[in-house]
Amino acid sequence: MKDKAIRAAIEAATWAPSVHNTQPWTFGVAGEEISLRADVERKLRVSDPSARELLVSCGAALLNLRVALRAEGYEPIVRVLPDPDRPSLLATVRPGAPVRPDEATRTLAGEIRRRRTHRAGFTDLPVPDRLIERLVREAAAEKATLTPVRSAAAVDVLAALTQAAQAVQVQDRAFSLELMRWARPPGSPRRDGVPAEAYPRGGWPGRFPQRDYAHGQDWGKPGDQGMAGSTGLVAVLTTPGDTRESWLAAGQALERVLLHASAYGVSAAFHTQALEMYHLREFLRHELCSDQYPQTIMRLGITFEDSRAVRRTPAEVLD
């Protein structure tokens, strides 16, 4: 029975969100213990030299491991960064005492494969206040802070900084080449990177720019964005520290928020451009984040569009 639970947990982990869908993780199994490791070959060496975004991505995978094991009837026993001499070993997880999964666990587990990243505008339907309050509590449970940005002026600042960062990055050849590595052309058989059908053709003309995965080509899905032009609710996920443990905690908080949101039909779009530039990230930390470290900027909203997700198989990520 534990073997089945371990297989289910690893498969669930592969469905975690990751920057540019790089899926920067591998897994090992020794007895009943799962090892979560950073795949440094998938690190974004230009935009993420510290591996912060890589560890946030792996933190999301760790949350899925935990949820899946609990859904399979076992309390997960987790050790984060267990060996200082093995920096790529991010966590070990093994099934502990039998537990009866509660409704919340079953709900989260059911959303792991259904959750999708959105890369356009949202409908004008508002995200309910009660759900926002719940998402804030879920992030806090993982030692992170999710702050809905209610001030129009603060939203303007975040949008302007995102635009500025994007404008600088698209002029940087190294940034552009790195992004192109993870952009999948139409019909590509790859199981990683961002598919051409995952964003609107011509981009979304909103205040928060999306990455130019099409890099000037006529890629993207056609569609009328007139019914989905809302920015949605802007939110920032922060942590009190900025260590590797903080980044893993941020990833777990992020995935917990995303799974809960998905259960209520709410999707997220991410805008990390400004966080990839040291001075802009520091400005945000001091001026908008009460000296907490911003780990993710997102928009939350309701969309009726769906997209196909691509993931590597468990066999491809098992060492």
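The chain contains nine helices and eight strands, taken as DSSP runs numbered from the N terminus (helices H or I, at least four residues; strands E, at least two). Its radius of gyration, taken over C-alpha atoms, is 19 Å, close to the 20 Å that the globule rule (2.2 Å times the number of residues to the power 0.38) gives for 319 residues, so the chain is as compact as a globular protein of that length. This is a predicted model, in which local features need pLDDT of at least 70, side-chain atom pairs count only at pLDDT 80 or more, and totals for chains, interfaces and linings use all residues. Residues are numbered from 1 along each chain as its sequence is written, and side-chain values use heavy atoms, with hydrogens and water left out.

**Overall fold**
- The C-alpha trace spans about 50 × 40 × 35 Å along its principal axes.
- Of the 319 residues, 56% are buried (under 20% relative accessible area; exposed is over 50%, partly exposed in between; 1.4 Å probe, protein chains only).
- Among contacts (heavy atoms within 4.5 Å) with a separation of 6 or more, 76% join residues 24 or more positions apart.

**Helix α3**
- In helix α3 (residues 103-111), the buried residues are Thr105, Leu108 and Glu111.
- Seen down the axis of α3, these buried residues fall within an arc of 130° (directions from the helix axis to the C-beta atoms), so they line one face of the helix.
- The buried residues of α3 pack against α2 (52-71) and α7 (244-263).

**Helix α5**
- Val157 lies in helix α5 (residues 152-170).
- Val157 counts as partly exposed because its relative accessibility is 30%.
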